[in-house]
Amino acid sequence: MNRNRYVYVTTPIYYPNDKPHLGHAYTTILADIIARWFYLQGYNTFLLTGTDEHGLKLQREAEKRGKDPKTFVDEMSSIFRSYWDVLGIGYNRFIRTTDKDHEELVKYVLNKLLEKGYIYRGRYSGWYCSGCEKFYSEKEYIIENNTPICPIHKRPLEFIEEDTYFLRISEFRDYVLKILKEGDVVYPKQYAIEIASKIELEGLQDISIARPKSRVYWGIELPFDPNYTLYVWIDALLNYLTGIGYLKNIEEFTNYWSGAIQLIGKDILWFHTAIWFSILAMLGIPPPRKLLVHAYLTVKGHKMGKSLGNVISIEDTIKRYGNPEVVRFIIARIANYDKDTEVSWEIYDSIYNNDLLNNYGNLVRRVAVLAKRYINGNVERDLDEQFVRDIDELKNKAIENYNNLNISEAIKYTLDIAHNTNSYLNRREPWKEANPMKTIYTALEAIRITSLLLQPVMPNTIKTILNMLGVEIERNIKQFNFGYIEKYKVVEAPLPFRKIS
Ligand SMILES: [Zn+2]
């Protein structure tokens, strides 16, 4: 998908006011899978995730616990890191908006935008949600008992009036509309259309980017006015530039940025299109290559979230399946960009049983046992071309979907390869064949390709499985060819997944 073999994958940086749940893991796991997929093909990849550590919400959360904000975010960001470590997120950098280089970048950018005339002083009033750190317009908030209510948090908004600084994004109305309507940056396209219609209907108004320090002291100070801190969203968006060294190495930045794939949930679409594309344009930076947007995970129809208390915890999911990579698999399998995905233990269990235990896991186990029992684990190249023709098409579809960032479709085609190979074994009955070499070699090749396609999703599990079959994972696309391996040495029959207790 990228001309110059660089891929830069970002997740939103998360608000560390509580430990992460599957909603956070959703985006992070998808981002990690995408980065690993391109890495497996030999791309230079860089995965950025982190925590968004400033703003009123964290200031209040820290105060509530009797801590100073920095101590609080130090603790919380390390909790986020520990979760990502357990889930095997191979980030190249975990950025914190309290990092020194980020603060420097923010101040550099603000000075630059002031110089260019994109920042000006003015007065602002409006209805504000401290939970969202966002002003809501009349069209956006809900009215209950004559009180404006936050549509996300379902609690009353505060009316705020103050002197502030504005960012002149109104100038970029046509530019942003052009990207949304004519470009292929936002994926799926429906989200681009949604924002384009909003801009056409309501216009693109300049946004207030400063908060008086008296109200929000926990933020980056404006370099040109110490009475103000920067609006947390601008601070947060700029992390994507800090993360890949915009101020440190412009050549490297340019390479990676040309292959930027930014993942977000649909709730932060406005910030990552209207505002982000405008800021980038002010700095002379093109929009990312892709903005990949996913819908929500829902439990009984409601978005999973702390405030609604319907969270399925990461711990419980890991405990149930005994392998953190199963969480990754489930997420990859259910990922849905355009529609919300309902989740429950029943759905998880059926994915686990059907796809991993009975399909892929069973295939790996039975072929390895056959190889050991009938040909002593020494399997030499003898490819059943006719069968391979059938599954080669599935493989190509899986690769194509991966390259187009359609993870769940890629996984679906991958599992079809395993399914077809199980049927192939049932038809061929290698345990009755005088010489089962061809059947077993062909099945091992199907397992190897299936495993490579699952490697970005379950890196450790797959590495263990392929090692037991005597295969090393490479970093190229050639290894996806059937018949690539000359000799297998099956040393053990893996039992990668156990029954749910
Ligand atoms: Zn809110």
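Residues are numbered from 1 along each chain as its sequence is written, and side-chain values use heavy atoms, with hydrogens and water left out. In this predicted model local features need pLDDT of at least 70 and side-chain atom pairs count only at pLDDT 80 or more, while totals for chains, interfaces and linings use all residues.

**Domains**

The protein chain is assigned domain 1 (6-294) and domain 2 (344-489); such bounds come from an automatic or database domain assignment. Between the C-alpha centres of domain 1 and domain 2 lie 41 Å. Their contact (heavy atoms within 4.5 Å) takes 16 residues from domain 1 and 21 residues from domain 2. About 1,600 Å² is buried between domain 1 and domain 2, and carbon and sulfur atoms give 69% of this area. Buried area is the accessible area (1.4 Å probe) that two parts lose on being put together, summed over both. Which residues of domain 1 lose the most area to domain 2? They are Ile-33, Trp-37 and Leu-40, which together account for 44% of what that side buries.

**Helix pairs**

Two packed helices are described by the angle between their axes and the distance between the axes. Helices (H or I, at least four residues) and strands (E, at least two) are DSSP runs, numbered from the N terminus. Axes are lines fitted to C-alpha atoms, for helices over the stretch in contact, and angles run from 0 to 180 degrees between N-to-C directions.

| Pair | Axes come within | Crossing angle |
|---|---|---|
| H16 (437-454) and H17 (459-468) | 9 Å | roughly 160 degrees |
| H13 (345-375) and H16 | 10 Å | roughly 145 degrees |
| H13 and H15 (407-428) | 10 Å | roughly 45 degrees |

The axes of H16 and H17 cross at roughly 160 degrees. That makes H16 roughly antiparallel to H17; angles under 35 degrees count as roughly parallel, over 145 as roughly antiparallel, 65 to 115 as roughly perpendicular and the rest as oblique. On the H16 side the contact uses Arg-448, Ser-451, Leu-452 and Leu-454, and on the H17 side Ile-462, Ile-465 and Leu-466. By class, these are 5 nonpolar, 1 polar and 1 charged residues. Ala, Val, Leu, Ile, Met, Phe, Trp, Tyr, Cys and Pro count as nonpolar, Asp, Glu, Lys and Arg as charged, and the others, Gly among them, as polar.

The axes of H13 and H16 cross at roughly 145 degrees. Residues making this contact include Tyr-360, Leu-363 and Val-367 of H13 and Ile-440, Leu-444 and Ser-451 of H16. The contact of H13 with H16 divides into 13 nonpolar, 2 polar and no charged residues.

For H13 and H15 the axes cross at roughly 45 degrees, which makes H13 oblique to H15. Among the contact residues are Asp-355, Tyr-360 and Leu-363 of H13 and Leu-415, His-419 and Asn-422 of H15. By class, the contact of H13 with H15 has 7 nonpolar, 7 polar and 2 charged residues.

**Backbone details**

Tyr-187 and Pro-188 are joined by a cis peptide bond, with omega about -5 degrees. Pro-188 sits in the loop between strand S9 (186-187) and helix H6 (189-202). Lys-154 is not a glycine, yet has a positive phi of about 55 degrees. The loop that holds Lys-154 runs between strand S7 (147-149) and strand S8 (158-167).
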